[in-house]
Amino acid sequence: MTLIESVSLRRVLDSRGNPTVEADVLTQSGGFGRAAAPSGASTGEYEALELPPMEAIAAAREHAVPRLEGSVHAGNQRDVDAALHAADGTEDFSEIGANSAVAISMAASKAGADVLGAPLFQHLGGTFRDADRSFPVPLGNVVGGGEHAADATHIQEFLSAPVGAPSVAEAVFANADVHAAVAEILADRGIAAAKGDEGAWAPAVSDAEAFEIVDEATSRVEDAVGFEIRFGLDVAASELYDADAGVYRYGDVERTSTEQVEYMAELVDEYDLAYVEDPLDEDDYDGFADLTDRVGDRTLICGDDLFVTNVERLSRGIDEGAANSILIKPNQIGTLSDAFDAVELAQRNGLDAVVSHRSGETEDTTIAHLAVATGASFIKTGTVGGERTAKLNELIRIAEEAV
Ligand SMILES: O=C(O)[C@@H](CO)OP(=O)(O)O
Ligand SMILES: [Mg+2]
């Protein structure tokens with residue numbers, strides 16, 4: 001029923017105005033799915049490879065499409081993704097591009113769900129999906145800099161975390177309120193701010209001042225809504241790390257690895273951080289393990305560039321106690337099956353899964369369904385801006401359907 005009839009690929013715009021790959025999958029019974037690849041700016045060194053979109057499209061048309069059309073069922077995600085791997089033949093999708101691969105993989109999942117008449121989260125999560133599991137808490141980027149905005153904070157993302165929200169909708173609106181509160185505080189302080197790639201405010205303030213502002217904004221909104229709102233960080237420390245000198249550079253301030261662990265542990269305690277992503281360089285499993293050992297009982301230490309949604313890197317991290325959560329980005333690894341494998345390995349070993357957008361996004365909502373299907377603890381997908389609200393609003397709709 002879900003046999004793939006055709007796969008078409010095109011170039012569309014992403015939120016940064018760059019081209020990206022969009023795939024349409026049509027099944028013989030008329031099921032249809034469309035999905036587009038997101039794109040990172042602070043990409044991890046070990047991610048699957050994104051090719052220039054026209055190259056990725058040409059390669060996928062030549063190698064992947066003929067293996068799928070008339071041969072593979074869209075409803076069988078493992079077969080779709082195995083065909084993509086077979087068509088590519090490399091470890092990192094450097095032949096057809098992880099952007100083509102992930103667009104086709106996600107589009108096929110939607111076509112499969114369409115034929116079954118099931119919502120995507122249900123198709124991906126299966127009939128035995130635990131409907132009682134709580135919904136993912138949205139982490140909302142409210143202040144940011146790093147690779148996502150020039151002349152702003154060194155730390156890439158300050159993330160509102162409404163951990164006490166009674167519903168996903170209230171969490172989504174709380175994050176928007178925190179974003180608005182940050183704007184008010186900036187205005188009171190006479191600080192002008194544009195927005196970065198993910199819609200977060202990108203003021204030219206020190207990291208220390210950003211902590212003050214976000215702390216105040218989350219407290220204000222917490223008082224107004226009456227449930228707990230903490231905050232967290234994506235340090236994206238690989239971008240700060242100077243491997244030759246062996247130090248993290250925050251402008252003129254340098255920190256050794258040991259000092260970086262110390263600094264992160266202090267921040268966790270001073271601000272009661274709920275979440276710290278990539279506090280150390282992507283090769284520093286030891287530093288990650290050290291920090292997790294010190295503060296992992298009271299906060300999530302999450303590996304993004306460290307793990308790149310890759311089960312091999314995650315296995316090493318589990319063995320070494322390097323983190324207690326993993327960021328899941330399907331385009332880092334190229335297919336939904338690979339992303340699911342990473343979530344399952346993490347959850348089996350007691351790690352939390354955090355499903356994430358990229359800084360370059362489209363209106364695609366697959367990750368909202370993925371987060372619900374896998375029972376992820378958090379979803380990081382921005383706060384405002386159409387390509388971010390596409391996912392957040394989809395989560396609100398899913399919550400209605402999934403009760
Ligand atoms: O580092 C990250 O977690 C992401 C998303 O916030 O950024 P990018 O897509 O630029 O890698
Ligand atoms: Mg990150």
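Predicted model: local features only at pLDDT ≥ 70, side-chain atom pairs only at ≥ 80, totals over all residues.
What is the volume of the largest cavity?

1. Residues are numbered from 1 along each chain as its sequence is written, chains are lettered from A and ligands numbered from 1 in the order in which they are written, and side-chain values use heavy atoms, leaving out hydrogens and water.

2. The largest cavity has a volume of about 110 Å³. Pro38, Met106, Pro330, Glu361 and Ile367 are the closest to its centre among the 16 residues that line it. A cavity here is a set of points, on a 1 Å grid over the protein atoms alone, where a 1.4 Å probe fits but cannot get out, and lining residues have an atom within 4 Å of a point.

3. Now to ligand 1, whose space is the second largest cavity (a molecule sits in a cavity if more than half of its atoms lie within 2 Å of its grid points). Domain 1 (4-117) and domain 2 (137-401) both give residues to the shell around ligand 1, so the ligand lies between them.

4. Look next at the polar contacts, pairs of N or O atoms within 3.5 Å. Oxygen atoms of ligand 1 are 2.6 Å from a polar side-chain atom of Glu198, 2.7 Å from a polar backbone atom of Ala41 and 3.0 Å from a polar side-chain atom of Asp234.

Methods. Polar contact = N/O pair within 3.5 Å; in protein donor to acceptor, adjacent residues only side chain to side chain. 1 Å grid on protein atoms, 1.4 Å probe; cavity = no way out; pocket = protein on both sides within 12 Å on 5 of 7 lines; lining within 4 Å. Domains from an automatic or database assignment. Points joined across faces, edges and corners; volume = space filled by probe spheres on them.
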